[in-house]
Amino acid sequence: MPLYRTVVRPGLTDVDVRQAFAGDVVDVHCGVTGAPPSLVHVLYVEDDARLPDGTDAVVMGTIRSGRSGDQKEHITAGLTDALAERAGIPVEAIAVRLADIPASYAMEEGVILPEPGSPEEEAFKAGVRA
């Protein structure tokens, strides 16, 4: 369910960088949350108009409510560091924002998602393809 939208200035990334960063997003999110990798989604847009001055990239993650502040900090730091390393963008020019939504607002594989940490979540994850 998590959806990470990455907006970068045109010309800062190529397909290889985007592919590698997509893998980093999956690794960071799943490493912090335990989510199955097949549920993590990543989109890219190259667009100057959507970026504030002094910012070369913004990663906007939509995640299920219920993640701890510590988990969110680890995701934010991990994504910032990964994009900086992959694209050669200074950390100061990258913004990562996470938005919480109730699990019931999202669906994967035809099923409304359970709340993080609930008994239903473990059952759901057990049935998700890897």
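This is a predicted model: local features need pLDDT of at least 70, side-chain atom pairs count only at pLDDT 80 or more; totals for chains, interfaces and linings use all residues.
Two strands count as paired here if DSSP finds at least two bridges between them. Within the pair, Arg-5 sits opposite Leu-43 in β2, and Tyr-4 faces Val-42 in β2. To get from β1 to β2, the chain goes through helix α1 (residues 15–33), and this β-α-β crossover is right-handed.

Zooming out, β1 and β2 belong to an open sheet of 4 strands, ordered β2-β1-β3-β4 with mixed pairing. β2 and β4 are the edge strands; each has a single partner, so one side of each is left without a neighbour in the sheet. From one strand to the next, the twist averages 15°.

Two helices lie across these strands. Helix α1 covers β1, β2 and β3, running at about 140° to β2, while α2 lies across β1, β3 and β4 and runs at about 145° to β4.

Then there is the packing. The largest nonpolar core has 23 residues, and Tyr-4, Phe-21, Val-59, Leu-79, Leu-83 and Ile-94 touch the most other members. At least two residues of this core come from each of β1, α1, β3 (57–64), α2 (69–87) and β4 (94–101). Take Leu-79: setting aside neighbours within four places in sequence, Leu-79 is in contact with Tyr-4, Phe-21, Val-25, Val-28, Val-59 and Val-96. A second, separate core is made up of 8 residues, among them Ile-101, Ala-103, Phe-124 and Val-128.

Notes. Residues are numbered from 1 along each chain as its sequence is written. Side-chain values use heavy atoms; hydrogens and water are left out. A crossover is right-handed if, with the strands pointing away from the viewer, the path from the first strand over the helix to the second runs clockwise. A nonpolar core is a set of buried Ala, Val, Leu, Ile, Met, Phe, Trp, Tyr and Cys residues joined through side-chain atoms within 4.5 Å. Buried means under 20% relative accessible area, exposed over 50%, partly exposed in between (1.4 Å probe, protein chains only). Contact means heavy atoms within 4.5 Å. Axes are lines fitted to C-alpha atoms, for helices over the stretch in contact, and angles run from 0 to 180 degrees between N-to-C directions.
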